[in-house]
Amino acid sequence: MPLWLMIQGVGAVATATCIRRRSLCSDDADGNWLRSDYERCALDASARSRVVVVNGSTPFKRGENLWRALGNRIKDLTNHRRRLYSPEGLAWWRAAATSCEEPWRRHAPTSWAETQGMVHAGANLSDLLLLATDFEMQMAAWSNPSFWRDEGSGSESGSMGEGGPAWIDAPVHPGGRCTAFAVTHTRCGPLCGQNVDEDGVGWENGARDAVIHFKAIHGPPGNATSSNSPTEPEAAVYTHPGVPAYCGMNSAGLCVLNLYLDASLNASGDPSLETHSPQAPTPRLPAGLPINVTIRELLRHRDLAGAVAWLESAERCSPAAYLLLQGSCAACVEATPHRSATLMVKGAGAEICHSNHALLDQRLIPVPNAPPPVASPAETRGGAILDGAAESPGFPTGAGPEVGVGAGSSECSTEARLGVVQRAVAAARSSPHGHANLDLAAAQRLLLACPPAHRNFAPTLASVVMAPQQHRMYVRFKGEDSWHEVSVAECPERGVGK
């Protein structure tokens with residue numbers, strides 16, 4: 001298969017008996033907001049709001065409708081997030097949020113217009129800027145313990161309650177954050193997925209998390225250039241409410257996954273990572289797009305090549321690996337504020353697996369004398385995941401976020417997690433039918449069997465599988481035992497990975 005590498009300069013606790021449906025927000029012919037009844041499914045109140053569909057004739061109107069659907073949840077989450085940090089941390093966070101506003105306005109017009117619509121409907125722009133940079137704030141706080149609130153301390157936003165944050169004694173770097181894979185040819189066509197491992201207390205164990213389904217925008221009737229056809233594809237994203245996106249897919253068959261490049265795992269002395277280094281006396285976030293804004297804006301593209309070109313040229317404020325899949329092409333872009341390293345694999349059987357350490361940009365490769373990674377019994381499992389044999393030591397059936405990582409260890413290194421995924425994909429490839437042994441069910445088992453970055457401080461809040469040929473995205477939230485399914489309509493002008 002062709003392989004291209006280029007380096008250029010400067011990642012509720014309710015069970016649903018029906019996995020499909022959702023609340024609906026839309027514009028009528030006059031642009032007024034409507035809200036439909038839920039479809040007749042046996043869902044409780046928590047599960048109903050796991051998937052929210054938002055319509056709008058423009059990104060601005062979509063933003064208005066998004067706030068009307070989730071505004072209360074966003075306000076509650078913002079207040080909760082503020083209570084996690086010290087005055088020093090909050091000051092850093094506000095500065096980071098302010099620095100991202102102008103790049104967001106310049107480089108991400110769709111996401112910015114959605115944000116402006118939310119503000120018009122009642123959101124506070126400062127709060128949305130904070131949520132957009134929340135992931136960067138989390139990573140800075142892990143490297144700068146003074147950013148967390150001290151146990152029992154008060155703050156401008158109120159008290160955390162007796163005992164302070166449960167994660168106050170967490171390791172400085174709990175093993176990275178996410179694990180992902182992308183394969184172009186499986187039994188169900190292109191297939192990709194990732195686990196989202198994050199601080200359970202800080203995100204309330206994902207109880208507020210949702211899938212946002214942005215319906216396709218249509219041009220105005222009678223417009224000769226649009227003929228009332230979509231001007232950009234539909235998109236479905238998994239996220240925390242108010243955060244633009246964590247991962248997702250669109251109706252052009254483009255899938256976008258994200259993995260933070262952990263500074264603690266990389267060679268020292270790289271200015272791309274100084275923002276999150278405890279040695280930096282006054283850490284500052286470079287002006288640029290936050291990771292979660294970048295993901296949302298990538299999904300407005302119809303083809304993989306265009307999305308990669310945009311990503312490489314955009315200003316970025318923090319280091320991340322973006323894994324993209326469309327048709328017979330998979331790509332990985334390791335992007336820091338100063339440069340990007342891009343891998344494209346095209347053709348039958350193309351595959352890429354990634355976690356939280358750099359694989360492409362050699363300046364970010366771990367130093368040779370780094371300590372060995374934490375061992376995991378998962379590394380020896382071979383094809384057991386794909387075969388459905390989940391009774392291997394430390395990996396109970398259906399364990400999902402609560403899965404073990406071996407006796408005496410709550411942490412699983414980024415290398416060990418990557419090994420789990422690589423071995424499962426390799427086992428599928430070496431089967432008599434090649435990648436045909438990998439299908440939706442196997443992909444879901446793969447993610448559920450992959451250990452979290454840290455059982456206590458970075459559990460898996462969600463597992464996400466995307467099957468773009470079937471126009472389906474599947475999400476299993478922490479504590480639930482079924483997968484929510486979202487159908488993203490096929491785009492009439494589908495792009496291709498060139």
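Helices, of at least four residues, and strands, of at least two, are DSSP runs numbered from the N terminus. In this predicted model, serine 49 sits in the loop that separates helix H1 (45-48) from strand S4 (51-54). Leucine 70 is 21 residues away from serine 49 in sequence. In space, the two C-alpha atoms are 8.9 Å apart. Leaving aside residues up to four places away in sequence, serine 49 touches Arg73 and Ala210.

The largest cavity was examined next. Its volume is about 170 Å³. A set of 17 residues lines this cavity. Leu66, Met118, Gly242, Val243 and Pro244 lie nearest the cavity centre. Two or more lining residues come from each of helix H2 (59-82), helix H4 (109-120), helix H5 (125-132) and strand S7 (210-214). H4 gives the most, with four residues. By class, the lining of the largest cavity holds 11 nonpolar residues, five polar residues and one charged residue.

Helix packing was then described pair by pair. Two packed helices are described by the angle between their axes and the distance between the axes. For H2 and H4, the axes come within 7 Å and cross at roughly 55 degrees. H2 is therefore oblique to H4, since angles of 65 to 115 degrees count as roughly perpendicular and those under 35 degrees as roughly parallel. The crossing of H2 and H4 is right-handed. On the H2 side, the contact is made by Pro59, Phe60, Arg62, Gly63, Glu64, Leu66, Trp67 and Ile74. On the H4 side, Thr110, Ala113, Glu114, Gln116, Gly117, Met118 and His120 take part. This contact of H2 with H4 divides into seven nonpolar, five polar and three charged residues. Leu66 of H2 and Met118 of H4 belong to this contact, and both are among the residues nearest the centre of the largest cavity.

H2 also packs against H5. Here the angle is about 65 degrees and the axes are 11 Å apart. The crossing of H2 and H5 is left-handed. H2 contributes Ile74, Thr78 and Arg82 to the contact, and H5 contributes Asp127, Leu128, Leu130 and Leu131. Four of these residues are nonpolar, one is polar and two are charged.

From H3, the residues Trp93, Arg94, Ala97, Cys100, Glu101 and Trp104 meet H5. Their partners in H5 are Leu125, Leu128, Leu129, Leu130, Leu131 and Ala132. The contact of H3 with H5 has 10 nonpolar residues, two charged residues and no polar residues.

Terms used. Residues are numbered from 1 along each chain as its sequence is written. This is a predicted model: local features need pLDDT of at least 70, side-chain atom pairs count only at pLDDT 80 or more; totals for chains, interfaces and linings use all residues. Side-chain values use heavy atoms; hydrogens and water are left out. On a 1 Å grid over the protein atoms alone, a cavity is a set of points where a 1.4 Å probe fits but cannot get out, and a pocket is an open set with protein on both sides within 12 Å along at least five of seven lines; lining residues have an atom within 4 Å of a point. Grid points are joined across faces, edges and corners, and a volume is the space filled by probe spheres set on the points. Ala, Val, Leu, Ile, Met, Phe, Trp, Tyr, Cys and Pro count as nonpolar, Asp, Glu, Lys and Arg as charged, and the others, Gly among them, as polar. Axes are lines fitted to C-alpha atoms, for helices over the stretch in contact, and angles run from 0 to 180 degrees between N-to-C directions. Angles under 35 degrees count as roughly parallel, over 145 as roughly antiparallel, 65 to 115 as roughly perpendicular and the rest as oblique. A crossing is left-handed if the near helix is turned anticlockwise from the far one by less than a right angle, and right-handed if clockwise. Contact means heavy atoms within 4.5 Å.
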